[in-house]
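Please read this account alongside the sequence and the model.

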Amino acid sequence: MAAKIKKGDKVIVLTGRDKGKTGEVISVLPTDNRVVVRGVNVVRRHTRQTAQSEGGILSKELPIHVSNVAIADPKDGKATRVGFKTTDDGRKVRIAKRSGDLIDG
């Protein structure tokens with residue numbers, strides 16, 4: 001099955017602490033049905049200094065469930081569902097259900 005949300009997509013958070021925020025998908029974890037979005041679900045972790053990394057308080061993004069995000073429509077930036085369409089040359093492409101526009105990627 002083709003992925004509806006991919007790395008590099010611009011998404012909107014639908015529910016939770018960061019509802020309404022937008023960001024770019026940094027990574028997709030398909031086995032866990034989760035995505036990591038830049039600037040969303042940011043936590044601060046106290047880390048001990050090691051030979052490889054400096055200690056201190058670090059901020060990092062944790063994964064959120066894929067059902068809590070929606071693709072931003074390329075036309076107006078609002079949340080949309082994703083559909084699939086085959087082009088004339090046989091490629092399968094993602095389209096925004098809201099506007100019918102092609103989603104880049």
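A residue counts as buried when its relative accessible area is under 20%, as exposed when it is over 50%, and as partly exposed in between. The model discussed here is predicted.

Asn33 sits in the loop between β2, residues 22–29, and β3. Its relative accessibility is 44%, so Asn33 is classed as partly exposed. The backbone of Asn33 has a phi near 55 degrees, which is a positive value in a residue other than glycine. For context, most residues other than glycine have a negative phi.

Strand β3 covers residues 34–37, and Val36 belongs to it. With a relative accessible area of 10%, Val36 falls under the 20% limit and is therefore buried. Which residues does Val36 touch, leaving aside those up to four places away in sequence? They are Glu24, Val25, Ile26, Ser27, Glu61 and Pro63. Of these contacts, Glu24, Val25, Ile26 and Ser27 have numbers that lie within the 22–29 range of β2. A further pairing concerns Val66, which is 30 residues from Val36 along the chain. The C-alpha atoms of Val36 and Val66 are separated by 9.1 Å.

Is Asn41 buried or exposed? Its relative accessible area is 16%, under the 20% limit, so Asn41 is buried. Asn41 also has a positive phi, of about 55 degrees, although it is not a glycine.

Technical notes. Residues are numbered from 1 along each chain as its sequence is written. This is a predicted model: local features need pLDDT of at least 70, side-chain atom pairs count only at pLDDT 80 or more; totals for chains, interfaces and linings use all residues. Side-chain values use heavy atoms; hydrogens and water are left out. Helices (H or I, at least four residues) and strands (E, at least two) are DSSP runs, numbered from the N terminus. Buried means under 20% relative accessible area, exposed over 50%, partly exposed in between (1.4 Å probe, protein chains only). Contact means heavy atoms within 4.5 Å.
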